[in-house]
Amino acid sequence: MRKEKMLLSLLLLLGPLWPAAAQLLQTKSTFTRADSLRGGQSALRTCYDINYYHLDVKLDPAKRFISGSNLFRFTATQDFTRLQFDLFANLQVDKVLYKGKEVPFTREANAVFVRFPTAVQKGSRDEFTVHYSGNPTVAKKAPWDGGMVFAQDAAGKPWVATACQGVGASIWWPTKDQQADEVDSMLISVSVPNGLKDVSNGRLRKTTKLKGGYTRFDWAVRNPINNYDVALNVGDYQHFFDSYTGEKGLLTLDYWVLPENVAKAKKQFGDNVKPMLKSMENWFGPYPFYQDGYKLVDAPHLGMEHQSAVAYGNKYQNGYLGKDRSNTGWGLKWDFIVIHESGHEWFGNSITTKDIADMWVHESFTCYSEALFVESQFGKTAGQEYIHGQRRHIQNDKPIIGPYGVNQEGSGDMYDKGSNMLNVIRTVINDDAKWRQLLRGLSSTFYHQTVTGQQVIDYFSRESGRDLSKIFDQYLRHPSLPTLEVRFEDGKPLARWIANVDKFDMPVRMRLKDGEYQLIPLTTKFEVIKQLPGATRENLEVDTFSYYIGVLVE
């Protein structure tokens with residue numbers, strides 16, 4: 001007990017030095033210029049706002065080779081003669097065309113710098129086209145690493161997919177590879193050998209037979225989309241469909257699966273998709289992409305939240321590859337990939353963070369959506385049990401928020417610890433109707449926008465009517481939990497918070513054994529718990545089921 005108190009006191013004394021120390025512990029020892037080119041917001045990136053892409057590529061699965069072009073249509077935000085786009089160095093830039101003529105470019109790491117013959121004027125709309133080719137990086141363990149996945153279906157036919165969150169879309173196509181500037185709309189044209197189909201984001205507009213034994217599939221995306229969501233899925237896909245009447249009317253449901261999976265898919269998707277949509281729309285508001293529809297696509301990897309074309313690879317079983325991550329039993333009653341990856345349509349796809357250092361906005365809310373789905377199906381107690389079960393995966397190893405400007409995310413605790421943080425905040429607000437209103441308001445306030453994590457934090461404080469910033473800061477910026485310290489003096493119970501955040505304050509639920517919980521406001525200074533007269537070490541209970549905190553009782 002003394003050692004534990006000494007450690008907690010040391011963390012408290014570190015005060016403002018702790019965030020910097022923690023940040024150093026969780027990052028690389030040094031960052032390179034390549035990291036800054038990839039993750040930063042230099043003038044060569046901010047000088048233009050992407051309006052439209054036409055990605056037009058041809059895939060040769062046998063040679064694992066891709067070639068084609070991408071049209072960049074943009075609005076200049078300032079006068080400039082140079083700009084940056086991104087393409088991994090193992091892929092060749094064949095030429096850059098501007099007004100029908102080749103223009104010079106240089107490369108550094110995975111960044112490409114284009115020089116225009118005359119200055120592009122602020123406010124003008126312009127365009128250029130990048131032609132490229134090469135063998136893209138092959139993912140070794142998608143979706144956890146990035147690149148293309150080359151596999152075969154049961155009949156031995158090619159089965160190819162992309163997965164590039166984190167590493168970046170420029171691992172397989174030329175783009176302005178950062179999340180702060182989403183393209184407003186896009187046409188994705190993919191040519192594949194006859195007998196195969198490509199399934200990408202948005203809606204299929206046209207299929208064209210080409211010379212040389214290829215077929216082109218044109219997919220139109222009408223809503224803003226982040227780079228890593230842009231997907232290529234190539235295989236001998238079979239198509240079946242359904243529809244759902246949701247908050248914005250009729251939503252099309254399209255399913256593209258391999259021939260051997262059709263029967264299994266009809267049952268699994270039938271059991272999971274509509275209940276998921278009903279739950280998500282209830283908690284977060286309308287599905288964000290009615291214009292582009294909702295799709296599930298068989299993938300040769302576990303899954304990914306590709307906007308309007310969610311990649312599915314959970315082998316048509318409930319749980320996470322047949323296992324319950326929460327170890328509560330609730331996680332085996334539904335398909336983890338259908339629920340989790342679809343939850344990203346709201347968080348990650350509609351609301352996208354400007355920097356992946358704030359990826360907790362994507363993952364904390366989506367991980368939390370799993371518990372809300374459980375609650376919607378089986379009741380609040382079940383949902384709370386599921387959240388509690390998520391704690392078994394938390395490491396408390398480093399800050400959830402990563403370093404900005406270098407394309408690096410924070411701790412993997414952004415999933416389960418982030419989910420538990422949101423449940424703590426729900427408990428503090430102590431009004432479930434208001435909580436649902438806050439979640440739906442978050443979706444509508446930042447609908448189809450890129451945001452910072454701070455904007456989300458400020459939203460909850462503003463709209464809830466109470467300052468929640470210190471709670472967010474403790475869970476997001478520090479690996480250690482806030483710890484409730486309780487002691488008794490002259491028979492009276494006193495309590496305070498031990499935390500890294502200066503002047504941390506958070507009400508906590510406490511009660512006498514078998515009594516009713518009361519919400520007790522506490523700070524980092526010891527205060528007598530007047531609301532619980534007669535409390536003793538033996539009968540005082542803290543709600544550590546709803547609160548993910550440490551407790552220290554003297």
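Analyst: The axis of a helix is a line fitted to its C-alpha atoms, over the stretch in contact. The model here is predicted.

User: At what angle do helix α7 and helix α11 pack, and how far apart are their axes?

Analyst: Helix α7 (residues 360–378) and helix α11 (residues 453–464) pack at about 50°, and their axes are 10 Å apart. That angle makes α7 oblique to α11.

User: Which residues of α7 and α11 meet?

Analyst: From α7 come W360, V361 and F365, and from α11 come G453, V456, I457 and F460. By class, six residues in this contact are nonpolar, one is polar and none is charged. As a general idea, an α-helix has 3.6 residues a turn, so residues three or four places apart point the same way.

User: Which residues of helix α12 are buried, and what covers them?

Analyst: In α12 (residues 469–477), the buried residues are S469, I471, F472, Q474, Y475 and L476. Their cover includes α7, α9 (416–429) and α11.

User: Is H301 buried or exposed?

Analyst: Buried means under 20% relative accessible area. H301 has 6% relative accessibility, so H301 counts as buried. H301 is in the loop between β18 (294–298) and β19 (303–304). A polar atom of the H301 side chain lies 3.2 Å from the backbone nitrogen of G303. Beyond four places in sequence, the contacts of H301 include A142, P143, V149 and Y312.

User: Where does pLDDT stay under 50?

Analyst: Where pLDDT is low, the predicted coordinates should not be read in detail. Here pLDDT stays under 50 over residues 1–27. The mean for the protein is 94, and 95% of its residues reach 70 or more.

Note on methods. Residues numbered from 1 in each chain as written. Predicted model: local features only at pLDDT ≥ 70, side-chain atom pairs only at ≥ 80, totals over all residues. Heavy atoms only, no water. Axes fitted to C-alpha atoms, helices over the stretch in contact; angles between N-to-C directions. Helix = DSSP H or I, 4+ residues; strand = E, 2+ residues; numbered from the N terminus. Parallel < 35°, antiparallel > 145°, perpendicular 65-115°, else oblique. Contact = heavy atoms within 4.5 Å. Nonpolar A, V, L, I, M, F, W, Y, C, P; charged D, E, K, R; others polar. pLDDT = per-residue confidence, 0-100. Buried < 20%, exposed > 50% of the residue type's maximum accessible area, 1.4 Å probe, protein only. Polar contact = N/O pair within 3.5 Å; in protein donor to acceptor, adjacent residues only side chain to side chain.
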